[in-house]
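I opened the model to look up how its two chains meet and how each one is built. My entries follow in the order in which I looked.

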Amino acid sequence: MEIEVISFGKIAELITTKKLILDFILDTDDFKKYLEETYPELNNIKYKLAVDKQIVQTNCKLKDGSVVAIMPPFSGG
Amino acid sequence: MTEKKIKNIFVNGAISSAFIADSIAKHSSKKEIGGHSIFLGQVRADEIEGRLVSAIDYTAYEDVALEQMHKIRAEIFEKYPLTCMHIYQSLGTIKAGEICLFVFTSSSHRKPAMHACEEVVERLKAELPIWGKEIFENGTHQWKENK
């Protein structure tokens, strides 16, 4: 399935890819595992995901065309 | 009390003192107000390992941040008897010394305005997907993290 990726802050400097074609990835836990294997630096960064603009609190299903945002710790204000 | 329309909080560039003064002036017609509380965030010229911060470049996941702020706004109005609340967060490059955050709450008596103002600032910093890139005078940068 095809996932659209948006990354922010320091993670945007690390992950520049916009689209991923991934098989065997069903949910956000799988996706995190994939990310951390592909970008080992992510193991040292706290980050959150948002799927289709919803911030992920617990593991959730991904579907073809999902937009996944990868967000480092916030620093607004 | 929930407001249905999602309000924009983002402004491009620094928040000017004229804009702040104008916001205050606009409230003179709301005669039920007895107290305002205002928080202004200013870009600090931090020195980190010998490098001086000259500006912060702000970016946000805007849709999600506005959605989140909408929720916070409703919860704050639920919790405190406020007359009104205005929030402005800068995006883009804000130089040291300039204002990047303006939170303005008003109520009949002082305490709700003061408590709501503090709570909004804390929640905005913790819960809104906004990122600040600290730009040093020598052109290098690092990503800010809220404590």
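Entry 1, the contact between the chains. I count two residues as being in contact if their C-beta atoms, placed from the backbone, lie within 7 Å. By that rule the contact takes 14 residues from chain A and 23 residues from chain B. On the side of chain A that touches chain B, the elements giving two or more residues are α1 (9-12) and β5 of chain A. I sorted that side of chain A by class and got 8 nonpolar, 4 polar and 2 charged residues.

The predictor gives the complex an ipTM of 0.93 and a pTM of 0.94. For chain B I read a mean pLDDT of 96, with 98% of its residues at 70 or more. I keep in mind that where pLDDT is low, the predicted coordinates should not be read in detail.

I traced an open sheet of 5 strands in the order β2-β1-β5-β3-β4 (chain A), and its pairing is mixed. Which strands stand at the edges? They are β2 (19-21) and β4 (54-55) of chain A; each has a single partner strand, so one side of each is left without a neighbour in the sheet. I then followed strand β1 (residues 2-7) of chain A, which runs parallel to strand β5 (residues 67-71) of chain A and is joined to it by 4 bridges. In this pair I found E4(A) opposite V67(A) in β5(A).

I find 3 helices and 8 strands in chain B. Read from the N terminus on, its elements run β-α-β-β-β-α-β-β-α-β-β. The C-alpha atoms of chain B fill a box of roughly 50 × 30 × 25 Å along the principal axes. I get 29% of the 147 residues of chain B as buried. Of the contacts in chain B with a separation of 6 or more, 79% are between residues 24 or more positions apart.

Why do I call β6(B) largely enclosed by the rest of the structure? I do so because 8 of the 9 residues of β6(B) are buried. I looked up its pairing next. Strand β2 (residues 35-42) of chain B runs antiparallel to β6(B), with 8 bridges joining them; here F39(B) stands opposite V103(B). β5(B) also pairs with β6(B) in the antiparallel sense, over 7 bridges, and H86(B) stands opposite F104(B). β5(B) and β6(B) form a hairpin with 3 residues between them, and G97(B) in the turn has a positive phi of about 95 degrees.

I took V120(B) for a closer look. Leaving out residues up to four places away in sequence, V120(B) touches I72(B), I76(B), M85(B), I87(B), V103(B) and T105(B).

Note on methods
Residues are numbered from 1 along each chain as its sequence is written. Chains are lettered from A and ligands numbered from 1 in the order in which they are written. This is a predicted model: local features need pLDDT of at least 70, side-chain atom pairs count only at pLDDT 80 or more; totals for chains, interfaces and linings use all residues. Two strands pair if DSSP finds at least two bridges between them. pLDDT is the predictor's confidence in each residue, from 0 to 100. A residue is buried if 20 or more other C-beta atoms lie within 10 Å of its own, exposed if 12 or fewer, and partly exposed in between; C-beta atoms are placed from the backbone. Ala, Val, Leu, Ile, Met, Phe, Trp, Tyr, Cys and Pro count as nonpolar, Asp, Glu, Lys and Arg as charged, and the others, Gly among them, as polar.
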